[in-house]
Amino acid sequence: MIKFRTDFNSCKTVACNNFGVIASPDYIYRSRRLGYLSIECKVCGSNPPWVNNWLVASSLDEKINFHLSRKIGGCPICNHNFFIGGGQESIRHGFTSAGIQRKKCNHCHAVFTLPQDKNRALYQLMIAAISSAKSSHEVIKELGISARLFYFYLNKLAIILSNFSRMLEDKGLVGDDLSLHSEGRVLQLAYQRGFYYLITSHSDSGYVLLQSHNLTKQKLKPEDTYSSKRNSIITSPKEQSITHILASRYQQNMQREHFEKLLVGELHPLSRCSLLFPSTLAYVHFQLLTAFTFRARQYSHYIEHESSLRAAALMASYPEIKQGHASIYYFLPVQDKHEHLQGKKMGWWKDRWFSYGEGAYSPIVGDELAVSDGHVIANDAADEFHHYLQRHLNDKINSLAVLDNISEIHRVIFNYCELKEGKSRANRMALCKQRYTPASLLDAALDLLMVG
C-alpha cells in the first residue's frame, strides 16, 4: 500500500545530511532571508520555497479521484483505486436471476455484479464524433440527445476507456525496471483561458501514463491562486551549441524570484475553477506518479530541465533515493552532433551534464554513466501528445468535468490508436498486441469491463 508524503518542507539538497528530513533542529522555518517564504537549512545554506502541505494533500485527493478511480470491474468495498488499492482480484460467482454476471472479491468476499452493456451503439457514435474533434454542441446535435444526457454518457465513456487503460497498465507495469519522462506544457483556450499541465510518459515507448493540469474546484486563498500575467518559462535558443543552450537556460532561471517560481503567462480558469501554481501541481503530479513506480525494483525518471520540477521529483522519490532504488535526471533534447559533454559543470548547483544521441542529461540523483547511446528516450512524447490535444480539444470548453473527460478519452485514444511507424504506443509498451481504431478500442474496453 502506498503512503504518500505529507510534509514537503525539508532540505532538498541531495548531498546534505538533512535531505528529506522532517523537523530537523537545523531548520529555520518560514524564513524570509532571501525575500521569499522558505525553510532554511543551516547545514547547507539552502532555502527551498515554503510548500503548503494541506493544499498539496487536498489537490492530490482531487486528482486521485479522477485519474486512478476504479469505477468498473473492481470490488466496490475494498478496491476503489488502481495501483494504490492493493490490487485485489475477484472471481466469477455465477449469475443473477436476470442473467447478469456476478463476481466475488478474493479479499473481502463481497459479491457484486458487473455493469450491463446497454448503450454500446450510443457510445460508438460518441467516440466517433469525439475522435473527429467535434465540439460538444456538434455531437449533441448529431446524436439527437439532450445536453444533460450527453454529459452523463460522456462521463461514462471516459470511465470505460480510462478503466480499460488502467487495468492493462496495472498488469503491465510489473517489470523490475521502469523508466519515465516528464515535461510541462501550457494549453491555451479561447478568451485567454487555459491551463498548465504535466505529462509523464513511459520513456521507452512514449505511452502517456499521466497528464494532470493545474485547474481545481477548490476555493483557494489569494496567495495560493495563480493569477500572473508574467512569463518565466525557460526557452532554448535555436541552432546554438549545447553549452550555450544550457547557459541560457540557467541564466533565465536566475532571473526568477526563486528557482521554483515558474510563471506561465496570463491564464484565466474555466468557470467555477481556480488555478494552482505550477510548482504546486508538480508536487501533486509527482506524488500521484508514485502509484506507477512503487512496485518497480528500480526506476529512472527523466524530467524536463526546469527547476520547479526538481524539488517535487526528489520529494516523491525520497524513500527510493535513500534505498538506492531511484535515479532522477534532468533531460534536454538536443541534436548537437558536434559537441560532446563529458561531465561539464553548469548552473547554481554545478550540475554535471553529459550528452549522447538523444540529447543531454544531468544526474540529479543517479549514475553518471547510466544513459548511453543504446538507450532510447521517447523525448518527443510530450510534444506529440500536446499537439494532439491542441488539434482535438474544443478551445471553447468551459467546464472542468467536460475537459477532464474529453482529455482522458483522448489520452487513451492517443496511446492505443495513434500509430507511429506502424505501432501504437500501447504496442510498444507491450500492453497489447492489437492495433486499435477508436471503434475497436471501445469494443475491447466494453468486453473486458462489462462482459468480464
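**Figure 1. Salt bridges in the predicted model.** The count comes to 17 salt bridges, each a side-chain nitrogen of Lys or Arg within 4 Å of a carboxyl oxygen of Asp or Glu. The model is predicted: local features need pLDDT of at least 70, side-chain atom pairs count only at pLDDT 80 or more, and totals for chains, interfaces and linings use all residues. Residues are numbered from 1 along each chain as its sequence is written, and side-chain values use heavy atoms, with hydrogens and water left out.

**Figure 2. Close-up of the E169–R411 salt bridge.** E169 and R411 meet through their side chains at 3.3 Å, N to O. E169 sits in helix α4 and R411 in helix α10 (residues 400-416), so the pair ties together parts 242 residues apart in sequence. Helices are DSSP runs (H or I, at least four residues) and strands likewise (E, at least two), numbered from the N terminus. E169 and R411 are both buried. Buried means under 20% relative accessible area, exposed means over 50%, and partly exposed lies in between (1.4 Å probe, protein chains only).

Figure 3. The side chains of R185 and E183 form a salt bridge at 2.7 Å, N to O. R185 and E183 are both buried. R428 and E421 form another, at 3.7 Å, N to O. Here R428 is partly exposed at 35% relative accessibility, while E421 is exposed at 74%. Salt bridges with shared partners join R166, E169, E408 and R411 into one network.

Figure 4. S165 lies in helix α4, which spans residues 147-172. S165 is buried, with a relative accessible area of 0%. Setting aside residues up to four places away in sequence, S165 touches Y207, R411, V412 and Y416. Contact means heavy atoms within 4.5 Å. One of these contacts, R411, also forms the salt bridge with E169.

Figure 5. Rings of Phe, Tyr and Trp (its six-membered ring) pair if their centres lie within 6.5 Å; planes under 30 degrees apart count as stacked, over 60 as edge-to-face and the rest as tilted. F164 and Y436 form an edge-to-face pair, 6.4 Å centre to centre with 85° between the planes. This pair links distant parts of the chain, 272 residues apart: F164 is in helix α4, and Y436 is in the loop between α11 (425-428) and α12 (438-451). F164 is buried at 3% relative accessible area, and Y436 is buried at 11%. F195 and Y197 also pair edge-to-face, 5.5 Å centre to centre with 70° between the planes. F195 is buried at 4%, and Y197 is buried at 0%. Elsewhere, ring pairs link Y302, Y329, F331, F354 and Y361 into a cluster.

Figure 6. The structure holds zero disulfides. C44 is in no disulfide; the nearest cysteine sulfur, that of C11, is 3.5 Å away. A disulfide is a pair of cysteine sulfur atoms within 2.5 Å. C44 is partly exposed, with a relative accessible area of 34%. The closest cysteine sulfur to that of C417 is in C432, 9.2 Å away and too far for a bond. C417 is buried, at 12% relative accessibility.

**Figure 7. Close-up of a nonpolar surface patch.** M254, W348 and W349 make a nonpolar surface patch of about 350 Å². Patches are made of residues with over 30% relative accessible area and no salt bridge; like charges are joined within 9 Å, and nonpolar side chains (Val, Leu, Ile, Met, Phe, Trp, Tyr) within 5 Å. Areas come from the Shrake-Rupley method with a 1.4 Å probe; for residues, only the protein chains shown count as cover. M254 is in helix α5 (residues 242-254). M254 is partly exposed, at 47% relative accessible area.

Figure 8. K423 lies in strand β17, residues 423-424. K423 is partly exposed at 46% relative accessibility. Leaving aside neighbours within four places in sequence, K423 is in contact with E418 and R428. R428 is also the salt-bridge partner of E421. The C-alpha atoms of K423 and L210 are separated by 20 Å, with the two residues 213 apart along the chain.
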